[in-house]
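Subject: Structure handover

Hello,

Please find the sequence and the structure below. My notes on what was found follow directly after.

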Amino acid sequence: MSWVLPGKIIAFSSPSSSRKNGGLNPRHFISYFKEHNVRTVIRLNEKMYSHSEFEDCKIRVTNLEFPDGTNPS
(Lines give C-alpha, C1' and ligand atoms only; values in the text may rest on other atoms or scores of the structure.)
Protein backbone atom coordinates (compact mmCIF):
# COMPACT_ATOMS: atom_id res chain seq x y z
CA MET A 1 0.00 0.00 0.00
CA SER A 2 1.09 3.56 -0.69
CA TRP A 3 -0.49 6.64 0.80
CA VAL A 4 -1.31 9.31 -1.79
CA LEU A 5 -2.98 11.66 0.68
CA PRO A 6 -2.35 10.44 4.24
CA GLY A 7 -5.59 9.57 5.94
CA LYS A 8 -7.63 10.04 2.75
CA ILE A 9 -6.35 8.17 -0.33
CA ILE A 10 -4.40 4.92 -0.44
CA ALA A 11 -3.18 3.08 -3.56
CA PHE A 12 -2.45 -0.65 -3.52
CA SER A 13 -2.35 -3.65 -5.85
CA SER A 14 -4.51 -5.98 -3.83
CA PRO A 15 -6.87 -7.45 -2.52
CA SER A 16 -8.23 -10.40 -4.41
CA SER A 17 -11.54 -12.19 -4.26
CA SER A 18 -9.52 -15.39 -4.65
CA ARG A 19 -7.29 -16.90 -1.96
CA LYS A 20 -4.96 -18.04 -4.76
CA ASN A 21 -1.40 -16.78 -4.24
CA GLY A 22 -2.28 -15.60 -0.73
CA GLY A 23 -4.72 -12.91 -1.84
CA LEU A 24 -6.69 -11.14 0.87
CA ASN A 25 -10.38 -10.35 0.50
CA PRO A 26 -11.43 -6.66 0.47
CA ARG A 27 -13.12 -7.17 3.88
CA HIS A 28 -9.64 -7.72 5.35
CA PHE A 29 -8.76 -4.05 4.74
CA ILE A 30 -11.99 -2.27 5.67
CA SER A 31 -11.36 -1.89 9.41
CA TYR A 32 -7.85 -0.51 8.76
CA PHE A 33 -9.20 1.93 6.18
CA LYS A 34 -11.97 3.13 8.48
CA GLU A 35 -9.52 3.53 11.38
CA HIS A 36 -7.27 5.69 9.15
CA ASN A 37 -10.10 7.63 7.51
CA VAL A 38 -9.39 6.25 4.02
CA ARG A 39 -12.14 7.38 1.66
CA THR A 40 -10.73 6.35 -1.74
CA VAL A 41 -8.92 3.28 -3.06
CA ILE A 42 -7.09 3.52 -6.39
CA ARG A 43 -6.92 0.14 -8.09
CA LEU A 44 -3.61 -0.02 -10.05
CA ASN A 45 -3.78 -3.60 -11.30
CA GLU A 46 -6.31 -5.61 -13.27
CA LYS A 47 -9.67 -6.21 -11.63
CA MET A 48 -9.21 -8.93 -9.01
CA TYR A 49 -12.14 -8.07 -6.72
CA SER A 50 -15.54 -6.45 -6.74
CA HIS A 51 -15.38 -2.83 -5.66
CA SER A 52 -18.85 -3.10 -4.10
CA GLU A 53 -17.46 -4.35 -0.77
CA PHE A 54 -15.54 -1.08 -0.36
CA GLU A 55 -18.35 1.08 -1.72
CA ASP A 56 -20.85 -0.55 0.65
CA CYS A 57 -18.63 0.87 3.43
CA LYS A 58 -18.50 4.34 1.82
CA ILE A 59 -14.98 3.84 0.40
CA ARG A 60 -14.72 4.97 -3.23
CA VAL A 61 -12.77 2.81 -5.73
CA THR A 62 -11.07 4.38 -8.77
CA ASN A 63 -9.37 2.35 -11.49
CA LEU A 64 -5.95 3.43 -12.79
CA GLU A 65 -4.78 0.15 -14.28
CA PHE A 66 -1.17 -0.51 -15.36
CA PRO A 67 0.24 -3.86 -16.49
CA ASP A 68 2.45 -5.34 -13.76
CA GLY A 69 6.03 -4.10 -13.95
CA THR A 70 5.30 -1.11 -16.17
CA ASN A 71 5.65 2.57 -15.40
CA PRO A 72 2.79 5.04 -15.74
CA SER A 73 2.98 7.37 -18.74
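I start with one residue. Leaving aside neighbours within four places in sequence, T40 is in contact (heavy atoms within 4.5 Å) with K8, I9, I10, I59, R60 and T62. T40 lies in strand β3, residues 40-43. T40 counts as buried because its relative accessibility is 13%, where buried means under 20% relative accessible area, exposed over 50%, and partly exposed in between, with a 1.4 Å probe and protein chains only.

Some notes on the source. This is a predicted model, in which local features need pLDDT of at least 70 and side-chain atom pairs count only at pLDDT 80 or more, while totals for chains, interfaces and linings use all residues. Residues are numbered from 1 along each chain as its sequence is written, and side-chain values use heavy atoms, with hydrogens and water left out.

The chain as a whole

The protein chain has two helices and four strands, in the sequence pattern β-β-α-β-α-β. Helices (H or I, at least four residues) and strands (E, at least two) are DSSP runs numbered from the N terminus. Of the 73 residues in the protein chain, 32% are buried. Of the contacts between residues at least 6 apart in sequence, 43% join residues at least 24 apart. The protein chain exposes about 5,000 Å², and carbon and sulfur atoms supply 51% of that area; accessible areas come from the Shrake-Rupley method with a 1.4 Å probe, and for residues only the protein chains shown count as cover.

The sheet

Four strands form an open sheet in the order β1-β2-β3-β4, with mixed pairing; two strands pair if DSSP finds at least two bridges between them. The edge strands are β1 and β4 (60-63), each of which pairs on one side only. From one strand to the next the twist averages 30°. Helix α1 packs on the sheet and touches β1, β2 and β3, its direction making about 150° with that of β2. For such angles, axes are lines fitted to C-alpha atoms, for helices over the stretch in contact, and angles run from 0 to 180 degrees between N-to-C directions.

Strands β1 (residues 2-5) and β2 (residues 9-12) pair in the antiparallel sense over three bridges. L5 has I9 as its bridge partner in β2, and W3 has I10. The two strands form a hairpin with three residues between them, and G7 in the turn has a positive phi of about 80°.

The core

The largest nonpolar core has 11 residues: I10, F12, F29, I30, F33, V38, V41, Y49, F54, I59 and V61. Such a core is a set of buried Ala, Val, Leu, Ile, Met, Phe, Trp, Tyr and Cys residues joined through side-chain atoms within 4.5 Å. The elements that give two or more residues to this core are β2 and α1 (27-35), and α1 supplies the largest share, three residues.

Salt bridge and loop

The count comes to one salt bridge, defined as a side-chain nitrogen of Lys or Arg within 4 Å of a carboxyl oxygen of Asp or Glu. R27 pairs with E53, and their closest N and O atoms are 3.1 Å apart. The pair links distant parts of the chain, with R27 in helix α1 and E53 in helix α2, 26 residues apart. R27 counts as exposed because its relative accessibility is 56%.

N45 sits in the loop between β3 and α2 (52-55). N45 is buried, with a relative accessible area of 6%. The C-alpha atoms of N45 and D68 are separated by 6.9 Å, although these residues are 23 apart along the chain.

Regards
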